[in-house]
Amino acid sequence: MRRLILAILLFVSSTTIALAQDSDVTNAQDALTLRAEEALETGRASADALSVLRKDLDDLRQQMFDIVDAGSIEARVIEVQLSALGPVPDDGSVETEGLAQKRKTLAQKLKQASQPIREAQARLSQVELLIHEVDQLIREKDRNRLFQRFPSVLWPGTIVKGIGKIESYGAGAGNELTEAMGRKEFKNARLERLSLAGFLGALGLFLIFYVRSLVGRFFDKKFEGSSGALRFFWVLMSSLSRLIVPLFGIVAIAGILPVLGVRASAADFAGHFVLQILFLLVFSNWLGHTLFSPFAPSRRLVRMDDEKALTGLRLCQALGFVEGIERFSETLGSVSFRSPETVSVVAAPIIVVAAVLLWRLAGLLHAGKLGVAVPGDQTALPSTDGFTSLNKIIVFVLRAVALISVPLVLLGYVYLARQISDAMVMTAANLGIALFLYSILTGSIRALTSKGSAESETTLPLIPFFVGLLIATLLLPVLAITWGARPSDVLEVWRILTVGADVGGMRLSLSVIFSLVFVFFVGVVITRWMQRGLRETVLPRTKMDAGAQNALITGLGYVGMTLSALIAVSVAGLNLSNLAVVAGALSVGIGFGLQTIVSNFVSGIILLIERPIAEGDWIEVSGHSGIVKKIAVRSTQIATFDKHDVIVPNQDLIGGAVKNMTLSSRMGRLIIPVGVAYGSDLEKTKEILETAAADEGSLVQHPAPSVLFRGLGDSSLDFELRCYLRDVDTMLSTQSDLLFRIYVDLSKAGIEIPFPQRDVNLRDLTVKHDKPGQERSGTE
């Protein structure tokens with residue numbers, strides 16, 4: 001009894017705890033949605049606070065989506081049980097009471113089991129709406145901030161006020177630094193701190209200038225002594241060493257301020273940006289050497305002479321320095337320079353200098369051409385149409401940004417000008433990195449798949465396309481964030497691609513599309529492999545003719561493609577039954593529009609099955625005579641004897657009259673008319689014709705050649721030599737040989753081949769007088 005009471009108490013307590021936990025979770029979810037609704041109603045929250053709120057909503061949405069996507073095991077089991085009972089009778093009959101009761105019980109259980117899913121779906125819809133509204137509010141606040149206008153530097157008094165504020169801030173920061181360095185704790189450890197700071201500075205300079213050069217020369221020697229794909233590896237290592245080694249140096253230099261221990265707000269603020277500015281300097285130097293490579297023309301990604309390449313390097317270094325100062329001044333303006341005049345005065349010269357550098361960079365790129373670096377072979381840098389178009393677009397955008405940013409900052413739109421200028425500089429840097437990766441990847445793959453540069457374009461010609469597509473796909477989200485998109489926007493796009501969208505009752509996602517394409521691709525590869533095996537291994541050992549072999553291979557291809565599509569749809573989990581109504585509605589219109597194509601397709605299938613014609617047959621159809629070259633699904637290609645290709649729709653071959661000279665056999669009859677003069681020896685003529693046919697090797701003797709006396713012509717006695725060819729393809733050559741032989745033999749026998757003769761009778765010839773006293777004869 002005690003055990004029973006204890007079990008009941010444990011059950012009640014566990015149920016109470018579970019209900020309490022569920023209640024706490026529900027309350028937290030309600031609180032979050034209520035907080036989001038209040039933020040949307042008031043609109044006073046900052047963009048950063050809204051971003052945090054959106055992240056919480058996104059987590060809640062993911063939880064609800066997981067619940068809906070996973071479903072309920074119990075609900076699915078009940079659904080299977082209900083389906084096993086069969087449909088409810090709709091013909092007026094009544095099912096048994098036990099079956100009806102069981103169906104009702106299962107329906108109630110299904111409703112209870114599906115309750116959490118329905119609640120999650122309702123919560124998911126609510127959260128989706130809130131996220132959409134929060135995103136709109138964030139974009140609105142970003143847009144308002146972007147178009148905020150500050151006092152123009154062209155307005156009288158703006159520069160004076162701005163410089164005054166800067167001087168006062170500089171004086172205050174200087175006094176604070178002087179006071180901090182005069183404190184007792186700094187003076188007591190000054191020697192040790194200065195020594196350590198000096199050591200860090202020397203170490204950083206040693207790494208940046210000496211170790212970087214030493215490691216770079218080591219990899220360059222490896223590059224010069226290697227060949228093939230290994231050269232690209234050493235190029236990559238040499239390039240990365242010029243970036244990674246200096247990074248350790250700037251970390252050492254950036255540690256100088258913290259080591260000095262100067263406790264001042266100005267020093268602390270500058271310390272946060274020393275590392276960032278030094279990194280931008282090192283990165284811009286590396287990128288300039290990578291793109292323009294003034295001292296190694298074979299690695300130059302922008303084709304130009306050495307002088308212009310050196311100018312390009314200097315422009316990259318200058319842009320990196322200006323970008324670092326721009327970021328420093330932007331943060332300084334938001335923290336210390338709160339005066340609007342100060343923000344305009346500080347931002348204007350930096351953005352103007354950046355615009356000048358961008359304009360010069362555009363002119364330099366306009367004079368050069370983008371290409372793919374092939375280490376050791378400067379002549380193997382073809383500028384493709386794609387690179388030429390990309391180069392033109394980059395030049396245009398660089399010049400447009402340079403022209404737009406200057407008027408904007410002068411008019412006071414500091415944030416907008418700064419956004420455009422910074423985004424353009426970062427875009428140029430990202431495109432430079434993408435071009436470098438493209439060069440390394442395409443060059444390495446081509447070197448691995450071909451033996452020489454001459455074969456690189458014919459071996460795997462789609463390598464540049466797929467590599468470029470991959471890099472562009474990875475680059476798109478980076479560029480989107482660079483030009484103002486929030487990471488949450490990019491993640492939202494990625495979520496749509498991965499989670500998918502409902503289309504006609506089907507959920508299409510990136511994984512579904514990938515599995516669909518991959519399985520179909522594998523099926524196509526297997527089909528092609530089986531076709532090749534049949535064509536090269538199995539069918540040559542059979543007695544099937546070429547037409548039957550081609551029909552079998554083509555039919556296998558159609559079957560393989562169909563099965564690949566069906567298996568791909570099944571593996572991807574697509575339910576095409578939901579599209580049946582839409583397909584039925586479209587089938588009527590499509591049927592009328594594509595009836596000719598469908599008719600030709602069906603005719604092509606009939607041709608491949610019945611085989612009234614085959615490849616290699618000599619046919620006459622629609623006024624064209626020639627050899628069947630290819631039988632496709634929609635049309636048949638005929639090569640005429642004039643070396644023309646005629647495309648005949650398959651419908652004409654099935655519905656019209658087709659003359660096939662080689663359907664049942666290659667034999668064919670040849671008729672040669674011969675005329676001799678009246679008075680010739682008929683028996684001798686017949687003997688000559690029979691002898692010529694008997695001696696011709698391309699004729700068959702069964703049935704034997706025959707000579708027929710066909711008639712008495714106007715100028716000749718008409719004979720016909722009728723014989724049968726072994727192969728109709730030799731008809732013209734055999735006819736020519738026989739005519740040569742017959743003419744020579746008839747000439748030797750003295751038998752004349754006549755020409756047309758006509759008798760002309762002149763009647764009613766009278767003498768006519770042109771003038772009195774003159775006569776003209778009847779013949780002239």
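Visitor: Hi! Which does Ser344 count as, buried or exposed?
Guide: Ser344 counts as buried, because its relative accessibility is 0%. Buried means under 20% relative accessible area, exposed means over 50%, and partly exposed is in between, using a 1.4 Å probe and protein chains only. A word on the source: this is a predicted model, where local features need pLDDT of at least 70, side-chain atom pairs count only at pLDDT 80 or more, and totals for chains, interfaces and linings use all residues.

Visitor: Thanks! Where is the place of Ser344?
Guide: Ser344 sits in helix H13, residues 340–367. Helices (H or I, at least four residues) and strands (E, at least two) are DSSP runs, numbered from the N terminus.

Visitor: And what is Ser344 in contact with?
Guide: Setting aside neighbours within four places in sequence, Ser344 touches Phe150, Pro151, Val153 and Val414. Contact means heavy atoms within 4.5 Å.

Visitor: Let's zoom out. How many helices and strands are there in the protein?
Guide: The protein has 24 helices and 12 strands. Of its 780 residues, 36% are buried.

Visitor: How do helix H15 and helix H16 cross?
Guide: The axes of H15 (residues 414–449) and H16 (residues 463–482) come within 10 Å and cross at roughly 160°. That makes H15 roughly antiparallel to H16. By class, their contact has 15 nonpolar, seven polar and one charged residues. For the angles, axes are lines fitted to C-alpha atoms, for helices over the stretch in contact, and run from 0 to 180 degrees between N-to-C directions. Under 35 degrees counts as roughly parallel, over 145 as roughly antiparallel, 65 to 115 as roughly perpendicular and the rest as oblique. Ala, Val, Leu, Ile, Met, Phe, Trp, Tyr, Cys and Pro count as nonpolar, Asp, Glu, Lys and Arg as charged, and the others, Gly among them, as polar.

Visitor: New topic: in what order do the three strands of the open sheet come?
Guide: The order is S10-S12-S11, with antiparallel pairing. S10 (668–676) and S11 (706–712) stand at the edges with a single partner strand each, so one side of each has no neighbour in the sheet. From one strand to the next, the twist averages 25°. Two strands pair if DSSP finds at least two bridges between them.

Visitor: Over how many bridges do S10 and S12 pair?
Guide: S10 and S12 (residues 717–725) pair over nine bridges. In S12, Tyr724 is the bridge partner of Arg669. Helix H23 (residues 682–695) packs on the sheet, touching S10, S11 and S12, and its direction makes about 20° with that of S12. Helix H24 (residues 731–748) lies across S10 and S12, at about 25° to S10.

Visitor: What about strands S5 and S6, in what sense do they pair?
Guide: S5 (residues 618–621) and S6 (residues 624–631) pair in the antiparallel sense over four bridges, and Trp618 stands opposite Ile627 in S6. Their hairpin has two residues between the strands, and Ser622 there takes a positive phi near 55°. S5 also pairs in the antiparallel sense with S9 (residues 659–660), over two bridges.

Visitor: Last one: where is Pro649 found?
Guide: Pro649 is in strand S8, residues 645–649. At 29% relative accessibility, Pro649 counts as partly exposed. The C-alpha atoms of Pro649 and Thr636 are separated by 6.3 Å, though these two are 13 residues apart along the chain.

Notes
Residues are numbered from 1 along each chain as its sequence is written. Side-chain values use heavy atoms; hydrogens and water are left out.
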